[in-house]
Amino acid sequence: DGLEWMGRSLSVEVRCVTCNTPAKAMVRCVKLFSGYYGCNKCNQKGAWDGRMLYPEMDSVTLKTNQSFRECWQPEHHHESISPFCSLPIDMVHSFPADYMHQCCPGVMKKLLLLWKRAKTEVRLSRAQMALVNSRLGPLRTAIPTCFARKPRGLDDLDHWKATEYRQFLLYTGKIVLQGVLGEDLFEHFMAFSTAMCILVSQVLAVSHIEYAHDLLRFFVEHGEMLYGRQFLVYNVHSLLHLAADVSHLGCLDNFSAFPFESKLYQIKRTVRSGKNPLVQVANCLEENLKVKIPNEQQIIIKEKSVYILSDTM
């Protein structure tokens, strides 16, 4: 219905909802990705093999706004109805995959862990790992300030952040892995990297979206051949639906969680101790915005702060 603010009527429209996969299942009141009917985009039934896998790629029926609202696949839904169903939005396309979670610490991390720790022939030797690390090190001086972090070696892989996986996926990985990975593994990785480079570009995401989809399909199909059936987890399967999200909402950066994570980092920096964190955030925001709080409200905030402080001691 919009908002009334200072005598003006402001219209509000929900373009999309950005959240990770567990949160998406919660707000849509559907089964988690670990369930047999956990895919948000298609009606495929998963297969259990120590973990939930999604091996089918052909003849898969896609979910639509109508099929979701009318519960054509009841196994996908919980008994409760999502509050979002009361809004005039598409319950499928308005909940896109978030590539910050599913592609960076999801698929890219999975590949790196396979190369580092797998017990098969895809595992890199110590000499190959050292070579990759030696190539990543000198790149630190060549990374411009627009990047949030400098490259770190694979020895610190467990401590990498999403921005580091993104940097490796889009930029540095194709440089440091060339000549280290086997030809088939490197070609497989390049298909994933090239597709993601296309989908994050505002221009290429329009002109080459079909090519990006074909690359991601190639990546999923050949992933099973190279790494085994266990490779086909939900994050890998979701790549098959990524191009469709881009076709509805534009390039990946239009609906990723990276801006929200960056803002969360700024908010967390305002908290200096574990006592009264909300008061600390409010005071910092007040200082930054230079907003004057009326005296009566200041007294109330101070009284509440003293009470909370004394109650926790």
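Mentor: Let us begin with a term: the bend at a residue is the angle between two axes, one fitted to the seven residues ending there and the other to the seven starting there. Helices (H or I, at least four residues) and strands (E, at least two) are DSSP runs, numbered from the N terminus. This is a predicted model, in which local features need pLDDT of at least 70 and side-chain atom pairs count only at pLDDT 80 or more, while totals for chains, interfaces and linings use all residues. Residues are numbered from 1 along each chain as its sequence is written, and side-chain values use heavy atoms, with hydrogens and water left out.

The protein has 13 helices and four strands, and the part to look at is helix α8, which covers residues 209–227. The expected span of a helix is 1.5 Å times one less than its number of residues, so the 19 residues of α8 should span 27 Å, and the distance of 26 Å between its end C-alpha atoms agrees with this. Along its course α8 bends by about 25° at glutamate 221, and just after the helix glycine 228 takes a positive phi of about 95°.

Which residues of α8 are buried? With buried meaning under 20% relative accessible area, exposed over 50% and partly exposed in between (1.4 Å probe, protein chains only), the buried ones are Ile209, Ala212, Leu215, Leu216, Phe219, Val220, Gly223 and Tyr227. An α-helix has 3.6 residues a turn, so residues three or four places apart point the same way. The buried residues of α8 pack against α3 (99–117), α6 (183–199), α7 (204–207), α9 (234–237) and α10 (242–249).

A nonpolar core is a set of buried Ala, Val, Leu, Ile, Met, Phe, Trp, Tyr and Cys residues joined through side-chain atoms within 4.5 Å. The largest has 66 residues, of which Met108, Trp115, Phe168 and Phe192 touch the most other members. Helix α8 is among the elements that give two or more residues to this core, together with α3, α4 (126–139), α5 (162–176), α6 and α10, and α3 gives the most, with 10 residues.

Contact means heavy atoms within 4.5 Å, and, not counting residues up to four places away in sequence, tryptophan 115 touches Tyr227 as well as Met108, Val122, Arg123, Leu124, Phe168, Leu177, Leu181, Phe189.
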